Amino acid sequence: MDNPVETIGIASARIARLAAIRAMLCAVAPALTAIALGALLTQIGDVTWTRLGYRLAPERGTVLSLALIGAGIVVLAAGLVMAFRSYRRANDFVAAAAELDERLDCDQEIVTFATLADPSAPESIRARRTPLFPILWRRAIALFGGLDVRREFRLEVGEPLKRSSIFAGVVALAMVLATLGLVRAPTPENTEAAKLRAIAEEIARTSASSDDSALADKIRQAADAIENSKLPPEEKKKRIEEAMREADKAAQKRNNSQSGKNQGTGKSNAQNGNGKSQGQGNSAGAGSGEGKSGTGAGQNPGGGSSGSGKSATGKNSGKNEGGKGSAKNDKNDQNKGDQSNLELHDELAKAEAQVETANAKNPGPDNQPGEDKNQGGASQPADKTNQKGGSQPDPNRPGNIPKPGANGDRNIPAAGGKPKNNKDMGSNLGDTHLGEMPTSTNAQRFLKPGEKGATVDIRDARYVMFRLPGAPSSGSGGKTVLDTDRPTATTGYVNAPLAPTSDDAAPDERQLVPPRYRDMIH
Amino acid sequence: MGAAPQQASPDQRVAEFRKIFSRAESEVARVIVGHREVVRKMLTALFCGGHILIEGVPGLGKTLMVKAAAETLGLTFKRIQFTPDLMPSDIIGTQVLTEADGHRDFQFKPGPIFAHMVLGDEINRATPKTQSAVLEAMEEHQVTVFGTTYVLDPPYIVLATENPIELEGTYPLPEAQMDRFIFKVVMGSPKPDELREILNRTTGTAQARIQPLFEASRAPRAIEDLKALVREVMVAEPLERYIISVIGGCTPGGPGAIPEVSQYLRFGPSPRGAQALILCAKVNALLAGRVSVSYDDIEDAIVPCLRHRLLLNFQAEAESVSSESILEQVVKRLRKPRT
């Protein structure tokens, strides 16, 4: 026969433990939520960036992340304190008896018994026992018969977790509000840096070679440099060029490893190329990317459209000159590494152009006129032959003058990026900022000086795209050197009219020309 | 009938109490049709050592009920019809000049208050002076006449009745006197089937005979033992706190007073109300076969113990708010607090 006093004591300890666990559970969910959100804030930021086009500034993100983790730890500590207090409060002999009484439906017999039998009660309380107390003792024993305290007082986590989830929701909501207050639309530098990081991630993920890893690191450094407002533009450009060189090195190695295929490709270049691949067009130009072939029958997988003057460029040019379609391009077996390499080149070039533009827009103390060499020379028009460089079809050839509305004439290539990524990311920079070139439809181009052809009517043009000369290629090795003589926009931008304002043109149809290109309009 | 309770075991004493109580109810029910709750409260008040105020119109069998209860328990019974010209000496007795052996001497002649069970019929018809004469007897169980104190033999219970009609020329009981009654029970009119049973019993030739539970000589002692048993019933501390919270909840401005209390009451119950609650709850516990009080026992006692201790204000009377409804609100708010 169990001693009912001991039974109540066991129940009291059990209830106290459960109370402590429940109190702790109340704090666990919000604490873990806060810590998890804080730890995963970078990843959440990436998702926000990818899906919504907004980014959390790294320094703010760090502060928010630390704040969340700190809050989580504080909540955990508070939970521990609450658990301790709950344990002490619940570890009450009479209260446990009342709880047992309630569960066993004993009409307060157990709590009365506990009041008079509490070992910690003063003697005056025990003195209140009457001759009827033995009856109460026996009743308590009978009521406790078959009682399993552990089974009677189970750990029920549902209610504490439910309450806890409310607090967790509050924490999450606070985080969302804080994030909303801290996120901002990305600058073009952020966009470029993000793209470069994505490429670096892709390279690091798909390749295990040390060269590629080094390349990925260089790209990341370049991306960091682009976003780092404290770095001077020269330093940024230097990092970008280093990344470019690393990319060229990696591409060269890859090409060497695929010598068989490259031999075939080289032959094709020799036959079809017209030497324009030696042009110095900068791949930052929108037209140097994955231009569609003349027939539209196939898409150049990217090998021939690099603006960096590779042999593949000539291949594409030749093919387009002949208007024979892309059959040879299809045979050109470009792997994914080449693709990403070309994308990388494209993005790095864009980034470099972005750095220069930003430098021109916001001349810092280091960029005072007269001190920046690039600024002085950049305003000069570059060699006109450079305009023919890259992978673009020779505009001097009559057959390549595009006709509005004709699909086959879409020789003005689309943007260097993937078309599906060309959606507006919510910025207020219009559709023509870097990386968001639209797909060309009904495209026309300006005639070069002395060129004859149909008059270009851009009155209703939605977009105007410019092809910039790319960096010159030094030999067939694909080494990229910086073209310091290329034209660079120097003046502050104004709304350069593309055409006289037409009365019947809807105001929202007017498009702004990106400032960095306005000097080039003559 | 009736063992010597003090020598019996606790279990036997509890069983004996339940048996006697139950048989007393049954015996009274031989002559009183219905009103079981009133009978129960009357017996409860007897075992609590309190007095009871019965409110009801004439002709409901109040006198018969008390008389039957006294006969059942083997106790003495006296009835006082209170009237405006009733004097205190008519109740408590007076000194009478007597002559014996050539000596003349004043000898105390006890009044009708000297009985175990006293029925004060229509107590509100007597003057306050006469009413107050009963107060000492009710509270102190003694009377003082010409400087001499006479103790009333236990058990002693006053059952006063009030007629809720014909209030002209009456003297409503003052609050101090009302507070001395442990219960106030309301005796309603009998239901149709009860009325038919009353007619059958009282208009025929058959007479109900009551079987006394105790011999008259040992009845007082037996009743006192049962009263002692009631006081041995135990009360847990949380339940004592509950009773205190109920009393506080019924007191305007008291701790935990509900808005209705502050709105409609002038005064709340005195500590006697809490004592009445505990004693009544103890009897309820014994009747349930327990030796400890439960929340249900207390809640059962709240209305009869406290209804006459709440002093309604003018607003309550204007709005026909009853003390019973206020008590129900209090109980609803404070129901079974947990430790």
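# Briefing on a predicted two-chain model

Of the 339 residues in chain B, 43% are buried, where buried means that 20 or more other C-beta atoms, placed from the backbone, lie within 10 Å of the residue's own, exposed means 12 or fewer, and partly exposed covers the values in between. This is a predicted model, in which local features need pLDDT of at least 70 and side-chain atom pairs count only at pLDDT 80 or more, while totals for chains, interfaces and linings use all residues. Residues are numbered from 1 along each chain as its sequence is written, and chains are lettered from A and ligands numbered from 1 in the order in which they are written.

**Chains**

- Chain B contains 14 helices and 11 strands, these elements being DSSP runs numbered from the N terminus (helices H or I with at least four residues, strands E with at least two).
- Chain A has 17 helices and four strands, and buried residues make up 43% of its 522 residues.
- Among contacts in chain B between residues at least 6 apart in sequence, 74% join residues at least 24 apart, a contact being a pair whose C-beta atoms, placed from the backbone, lie within 7 Å.
- In chain A, residues 24 or more positions apart account for 79% of the contacts with a separation of 6 or more.

**Nonpolar cores**

- The largest nonpolar core holds 144 residues, and those with the most contacts inside it are A:A97, B:I52, B:A69, B:L159, B:L277 and B:I298; such a core is a set of buried Ala, Val, Leu, Ile, Met, Phe, Trp, Tyr and Cys residues joined through C-beta atoms within 7 Å.
- Helix α1 (residues 4-39) of chain A gives the largest share of this core, 16 residues.
- A second, separate core of 25 residues includes A:A222, A:A250, A:A351 and A:A353.
- Apart from neighbours within four places in sequence, B:L159 is in contact with B:M42, B:H51, B:I52, B:I54, B:V66, B:M117, B:V118 and B:L119.

**Helix packing in chain B**

- The axes of helix α1 (residues 10-31) and helix α3 (residues 62-73) of chain B come within 9 Å and cross at roughly 135°, with axes fitted as lines to C-alpha atoms, for helices over the stretch in contact, and angles running from 0 to 180 degrees between N-to-C directions.
- α1(B) and α3(B) are therefore oblique to each other, since angles under 35 degrees count as roughly parallel, over 145 as roughly antiparallel, 65 to 115 as roughly perpendicular and the rest as oblique.
- The contact is made by B:A24, B:E27, B:V28 and B:V31 of α1(B) together with B:L64, B:M65, B:A68, B:A69, B:T72 and B:L73 of α3(B).
- By class, the residues of the contact of α1(B) with α3(B) divide into eight nonpolar, one polar and one charged, where Ala, Val, Leu, Ile, Met, Phe, Trp, Tyr, Cys and Pro count as nonpolar, Asp, Glu, Lys and Arg as charged, and the others, Gly among them, as polar.
- Helix α9 (residues 237-249) and helix α11 (residues 271-287) of chain B have axes that come within 10 Å and cross at roughly 140°, which makes α9(B) oblique to α11(B).
- B:I243, B:I244 and B:I247 of α9(B) make this contact with B:G273, B:A274, B:L277 and B:I278 of α11(B), and the contact has six nonpolar, one polar and no charged residues.

**Individual buried residues**

- B:E71, in helix α3 of chain B, counts as buried because it has 20 C-beta neighbours inside 10 Å.
- The C-alpha atoms of B:E71 and B:V28 are separated by 8.9 Å although the two are 43 residues apart along the chain, and B:E71 also touches B:I210 and B:P212, not counting residues up to four places away in sequence.
- A:A251, in helix α12 (residues 233-257) of chain A, counts as buried with 23 C-beta neighbours inside 10 Å.
- A:A251 and A:D212 are 39 residues apart in sequence and 9.6 Å apart in space, C-alpha to C-alpha.

**Backbone features in chain B**

- Most residues other than glycine have a negative phi, and most peptide bonds are trans.
- The peptide bond from B:P154 to B:P155 is cis, with omega near -10°, and B:P155 is found in the loop between β7 (148-151) and β8 (157-162) of chain B.
- B:E122, with a positive phi near 50°, lies in the loop between β5 (117-121) and α5 (128-140) of chain B and counts as partly exposed with 18 C-beta neighbours inside 10 Å.
- B:S320 has a positive phi of about 55° although it is not a glycine, and B:S320 is exposed, with 7 other C-beta atoms within 10 Å.

Notes
Contact = placed C-beta atoms within 7 Å.
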